[in-house]
Amino acid sequence: MNGILALLVLLAAFLSLATGSTDIAPLAGLLEWARGEQSIDAIVSGEIRLPRTLLALLVGASLGLSGAALQGLLRNPLADPGLTGASQGAALGAACVFYFGLFPALGVAAPALAGLVGAGLALLIMLLLAGPAGQAMVIMAGLAISTLTGALLAAVLNFAPNPFAMQELVFWLLGSVSERGLDHLWLLLPALLVGGGLICSQRRLLLGLSLGEQVAQSMGLSPRRGSRLIVLGAALLVGTSVAVAGAIGFVGLIVPHLVRPWVQHRPDRVLLPSALLGAVLVCLADIVVRLLPPGQELKLGVLTSLIGAPLFIWLVWKERRRWI
Amino acid sequence: MDLIRVEALSLAQRLVSVSLDLQPGELLGIIGPNGAGKSSLLESLAGIQPCSGLISFEGNCLSTFEPLERARKIAFLPQRSTAAWTLSVRDVIALGRLPWGDESAQIIDQAARSTGVDEWLNVPVDQLSGGEQARVWLARLLAGEPRVILADEPLASLDLYYQQQVLKLLRRYTSRERAVILSLHDLSLAAAWCDRLVLMEAGRVVAVGTPQAVLTAENLRQVFRVEAEIDFSAAVPLLRMQGREPV
């Protein structure tokens with residue numbers, strides 16, 4: 001399963017390198033770029049398409065993994081970084097950086113850091129609000145926090161210093177991986193490694209939690225400490241990916257569902273495949289965005305939402321039948 | 001040596017200075033009206049509730065055990081079990097191996113066989129009936145090979161057949177220096193199956209001893225506020241409410 005998905009990742013990456021407005025030889029171009037040559041092929045594939053491809057893969061992996069982790073932790077198949085308030089929290093944090101010029105010393109890392117803080121705070125407040133009732137209350141609490149952060153984000157937009165800044169922010173919020181450089185990668189990669197590491201270290205807890213918190217605790221696991229680590233990991237993943245690529249919705253929600261039947265629904269085994277499939281899907285979506293007729297560009301986040309929302313409706317429908 | 005010894009166990013307004021012991025090979029029943037503290041006691045022993053007092057396991061203070069070490073010795077079956085995901089029966093049973101960090105197929109198969117769920121190993125657990133699920137939850141505990149099983153009302157909502165099945169399983173488990181503590185409401189079953197009973201009321205232990213010693217008309221009147229007696233002369237102990245036919 002993981003092998004097939006890894007192959008798909010490579011395939012999607014190759015397709016992504018080969019897709020664009022100019023016809024180039026992607027692999028040869030990459031080699032030339034690696035050798036430091038200044039040919040068109042080298043510049044297009046190495047400096048434009050490579051960062052874009054890697055970014056799409058990393059953002060997809062982060063979103064897929066954080067979705068799988070949050071669903072496992074909250075024992076709720078409808079949990080998603082977007083529905084738990086994490087994405088909006090990250091967006092608010094990053095938007096504040098753009099507007100108020102917070103953390104100037106950090107340069108390009110500032111929005112990512114603010115995104116991380118925003119996502120972490122949103123998740124923590126959500127968990128506090130949901131309380132020990134967990135599961136059922138999480139979606140309600142997530143909705144409340146999303147609404148709050150959405151309102152604050154609207155306020156930030158409202159008081160935008162000028163229309164251009166507002167347009168820039170709105171476009172960024174719609175989600176995209178284009179026109180970003182390799183320095184964004186150096187933000188995402190460590191976040192993915194650390195966040196992914198934190199989440200994977202709690203795999204046994206995720207499995208134990210399938211029978212409830214009490215059972216997990218009676219089996220010698222520590223749900224409290226473990227869930228903090230998972231929340232921190234998910235906040236790292238969501239915070240940095242939203243800060244770098246804006247809001248790319250529904251990937252974290254849908255991907256674990258696609259994977260689950262292949263891993264016998266085990267919340268511990270769903271993690272890695274979710275990361276890989278998330279990477280594939282976001283990369284493919286970004287290819288579709290580039291294949292659309294030139295002109296007004298369709299943003300990646302808009303595309304994933306357009307595809308993801310109907311799937312979400314289908315999921316709600318499926319869940320409903322389970323409860324009747 | 002006592003397998004488990006509890007001294008002056010207290011838990012914020014739910015348990016008041018509870019003391020009891022559990023011997024190897026014993027099936028110990030905890031009875032008492034709703035709210036008597038049966039679940040609180042079991043959860044304290046399982047390490048889920050933070051409590052004061054002393055719990056020792058084979059003479060060693062339980063609080064000095066690492067959580068995983070403790071979980072390998074004592075397994076807990078909560079009152080209601082549900083799986084959040086459509087896990088297969090095999091994966092539910094494999095959960096019992098979590099404290100050990102392995103998923104030994106041999107032990108899982110054995111646990112499934114001894115509970116009679118081996119034909120459903122690949123069936124999603126939520127497709128089974130309540131009685132069938134009850135055996136799967138038990139198989140999860142068995143797979144952990146604990147010395148002590150704590151079962152909180154494992155008979156609730158089971159029909160007569162499955163009640164007997166579960167009790168037989170627990171009884172069988174108490175051989176080989178292992179023991180089971182279970183809470184239950186059916187006094188006739190408690191009298192018939194348990195070696196000793198602990199009668200609780202309002203967080204306190206009212207009586208501990210053999211069923212004959214604990215289930216006296218006097219105790220039943222005081223704790224359950226009913227006029228009843230257990231007829232131990234019948235082939236199996238029978239609860240007789242006063243002025244009525246046996247129930």
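Q: A residue is buried if 20 or more other C-beta atoms lie within 10 Å of its own, exposed if 12 or fewer, and partly exposed in between, with the C-beta atoms placed from the backbone. Which residues of α12(A) are buried?

A: First, the model. It is predicted: local features need pLDDT of at least 70 and side-chain atom pairs count only at pLDDT 80 or more, while totals for chains, interfaces and linings use all residues. Residues are numbered from 1 along each chain as its sequence is written, and chains are lettered from A and ligands numbered from 1 in the order in which they are written. Helices (H or I, at least four residues) and strands (E, at least two) are DSSP runs, numbered from the N terminus. In α12(A), the buried residues are A:Val251, A:Gly252, A:Leu253, A:Ile254, A:Val255, A:Pro256, A:His257 and A:Val259. That is eight of the nine residues in 251-259, so the helix is largely enclosed by the rest of the structure.

Q: What is A:Gly115 in contact with, leaving aside its neighbours within four places in sequence?

A: Two residues are in contact if their C-beta atoms, placed from the backbone, lie within 7 Å. A:Gly115 sits in helix α5 of chain A, residues 109-130. Its contacts beyond those neighbours are A:Ala90, A:Gly93, A:Ala94, A:Gly239, A:Thr240, A:Val242 and A:Ala243. A:Gly239 is 124 residues away in sequence, yet the two C-alpha atoms are 4.4 Å apart.

Q: Why is A:Gly115 buried?

A: A:Gly115 is buried because 32 other C-beta atoms lie within 10 Å.

Q: How many residues of chain A are in contact with chain B?

A: The count is 19 residues of chain A against 21 residues of chain B. On the chain A side, α9 (203-208) and α10 (213-218) each supply at least two residues. The largest share, four residues, comes from α10(A). For classes, Ala, Val, Leu, Ile, Met, Phe, Trp, Tyr, Cys and Pro count as nonpolar, Asp, Glu, Lys and Arg as charged, and the others, Gly among them, as polar. The chain A side then has six nonpolar, 10 polar and three charged residues.

Q: What order do the strands of the open sheet in chain B have?

A: Two strands pair if DSSP finds at least two bridges between them. The four strands are ordered β2-β1-β4-β5, with antiparallel pairing. The edge strands, β2 and β5 (60-61), each pair on one side only. Strand β1 (4-11) is joined to β2 (15-22) by five bridges, and β1 also pairs with β4 (52-57) over five bridges.

Q: Which residue stands opposite B:Arg5 in β2(B)?

A: B:Asp21 is opposite B:Arg5 there, and in β4(B) the bridge partner of B:Arg5 is B:Ser56. B:Val6 stands opposite B:Leu20 in β2(B). In a regular strand, side chains alternate between the two faces of the sheet.

Q: Where does B:Glu145 lie?

A: B:Glu145 is in the loop between α5 (130-143) and β7 (148-152) of chain B. Its phi is near 45°, a positive value in a residue other than glycine. With 18 C-beta neighbours inside 10 Å, B:Glu145 is partly exposed. B:Ala202, in the loop between β9 (196-201) and β10 (204-209) of chain B, has a positive phi of about 50° although it is not a glycine. B:Ala202 is partly exposed, with 15 other C-beta atoms within 10 Å. In the hairpin of β1(B) and β2(B), with three residues between the strands, B:Gln13 takes a positive phi near 65°.
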